[in-house]
Amino acid sequence: MATDSKQLPEVIDPKTDKVHSWPHLVRAEFLCALLSLIGLMVWSLILDAPLESAADPTKTPNPAKAPWYFLGLQEILVYFDPWMAGVVLPSLIIVGLMVIPYIDINPNGNGYYTWKERRFAVSMFCIGFLILWVLLIIVGVFFRGPGWNFFAPWQPWDTHKVVALTNINLNMFLVENFGLEFLRDPIIAAIFGLGLIGAYYSIGAFYYMVKVKSSKLLQDLGVVRYGITAFLALTMFALPIKMLLRWFFNIKYIVTLPWINMNI
Amino acid sequence: MKEKLRALQETIVQSDVWKSIFRHGYADTPRNRILMVASNVFLHLHPSKLRRHGLTLRYTWCAGGLTFFFFLVTVVTGILLMFYYRPVAEYAYNDMKYLQFDIPFGMITRNMHRWAAHAMVIMVMLHMFRVFMTGSYKPPREFNWIVGVLLLTLTLLLSFTGYLLPWDQLSIWAVTVGANMGKATPGLGSQGPFSEQIAAWFGIATPRYDAGSLLTAGTVVAAPTLLRFYVLHCIFIPVVASLLMIVHFWRVRKDGGISGPM
Ligand code: HEM
């Protein structure tokens with residue numbers, strides 16, 4: 001068998017613009033892997049994995065932080081109860097991601113970077129991923145200290161920092177500021193709160209009904225795809241809305257349903 | 001001398017043993033280039049030819065490939081760690097100390113496992129981001145995107161279950177934060193919505209029998225949790241993730257290779 005290593009001229013199929021995987025792809029992968037391995041080794045030589053004192057179930061650290069990739073979700077815990085922040089929203093993120101290929105029927109931008117041809121899809125994804133996931137992780141990692149209070153990275157953690165908790169539920173906020181006395185009643189308040197949430201989601205329905213006649217896009221999308229898209233988008237925006245309500249009006253819950261142990 | 005070496009080489013390369021292992025020559029011919037990939041079970045994950053576009057780092061960031069690479073690093077280092085680690089509450093922490101201070105290369109093995117796991121999480125997020133930005137989930141790749149989302153979930157769970165194993169203050173409390181969420185599952189968690197009703201009617205969603213205790217093998221993160229997470233971390237999730245990765249890579253090829261402008 002011939003073992004001489006004559007260099008083969010570059011073979012590029014002009015019709016399909018294809019090259020051989022060996023050596024082109026395999027070489028690139030090998031180089032990527034090699035460089036990453038070197039990087040990982042250097043990282044491992046200069047920085048040791050953390051190991052704190054032995055587990056002690058009687059000593060709760062303050063703050064107790066989840067692993068960094070879950071700190072976005074832990075940050076959401078400030079604004080929503082665990083059943084939302086820890087269960088419903090993560091499940092919706094996973095399901096929501098999975099349905100993307102089926103609700104995005106725009107054929108453009110398949111296989112290349114583009115912003116102009118997919119403005120809606122790209123902006124939604126960037127808001128969700130870059131702001132509500134990555135940015136919240138950064139806040140959780142670097143800006144949260146004892147009591148889950150806000151600390152700048154250069155501020156020392158003061159365990160005794162007390163932030164006055166003046167949060168009130170939406171119905172009491174309306175009672176106190178607008179004199180809507182009837183909202184004192186828990187049942188009326190619950191109906192009112194649920195109604196508000198229903199109204200929020202019906203924005204999506206109204207938009208569809210008003211626009212569907214004139215919008216080719218909505219007609220192509222159809223009511224099912226549109227409904228799922230609107231539901232997911234509105235749910236996503238519920239988070240920043242609730243953040244704003246908390247920051248500016250100290251609102252804790254929109255609706256409380258103590259009978260079934262559920263607050264939103 | 002040179003002649004002799006050549007003769008030796010020829011004898012080896014012509015021998016039955018050699019030919020039984022390597023089915024083709026090494027000469028750089030188009031035929032051999034294809035055989036190189038097609039007759040190797042690992043390289044065969046690749047197509048034998050691909051569009052030049054798919055090679056550009058600017059397009060893929062090699063993010064999917066590096067996710068897989070870091071996964072392989074955690075498999076190798078993880079197996080090494082398993083030789084020294086016992087998932088028992090009395091031993092686990094001491095085994096970590098022993099590993100770090102007494103085992104040759106123990107510290108760097110642990111570091112590489114830890115940082116490769118973090119790198120994998122970072123890369124899988126970047127990979128998803130680039131796949132979205134290039135619209136690569138569009139037909140015909142819809143299903144592979146779904147497989148990808150499952151892989152993303154499994155990657156996070158893999159990292160999360162591993163986080164508990166050092167059995168130090170950092171790990172049990174970090175996992176407690178996460179595991180407590182199980183208790184809040186609507187209908188299935190003892191502290192979630194409808195818990196009272198479900199507990200009264202069906203006898204589940206009590207603190208002992210709810211989604212949280214299924215995850216932590218008890219009402220709190222304790223010794224039984226450690227064993228549960230260990231098995232999930234070392235066997236169950238890696239096996240499922242490996243299977244899905246095989247499907248994922250297979251589908252990349254079957255869906256026409258790396259996406260690109262038509
Ligand atoms: C353990 C996790 C994963 C591994 C090891 C992995 C690996 C890979 C590899 C090696 C490729 C080839 C192209 C490239 O490197 O970019 C690829 C492509 C792809 N991946 Fe992943 N992936 C993972 C997770 C995901 C996730 C989370 C998604 C999306 C949610 C995803 C969706 C896709 C799609 C749609 C393609 C085809 C892209 C194209 O043709 O341009 N994968 N994956």
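Guide: Because A:Asp220 and A:Lys216 stand four residues apart in helix H7 (residues 216-249) of chain A, about one helical turn separates them, where helices are DSSP runs of H or I with at least four residues, strands are runs of E with at least two, and both are numbered from the N terminus. Their side chains meet in a salt bridge, 2.9 Å from N to O, the term meaning a side-chain nitrogen of Lys or Arg within 4 Å of a carboxyl oxygen of Asp or Glu. A:Lys216 is exposed at 58% relative accessible area, whereas A:Asp220, at 42%, is partly exposed; buried means under 20%, exposed over 50% and partly exposed in between, with a 1.4 Å probe and protein chains only.

This is a predicted model, in which local features need pLDDT of at least 70 and side-chain atom pairs count only at pLDDT 80 or more, while totals for chains, interfaces and linings use all residues. Residues are numbered from 1 along each chain as its sequence is written, chains are lettered from A and ligands numbered from 1 in the order in which they are written, and side-chain values use heavy atoms, leaving out hydrogens and water.

Over all chains there are nine salt bridges. One of them joins A:Asp17 to B:Arg52, with the closest N and O atoms 3.0 Å apart, and this pair crosses between chains, from the segment before strand S1 (18-20) of chain A to the loop between strand S1 (49-51) and helix H4 (57-60) of chain B. A:Asp17 is partly exposed at 30% relative accessibility.
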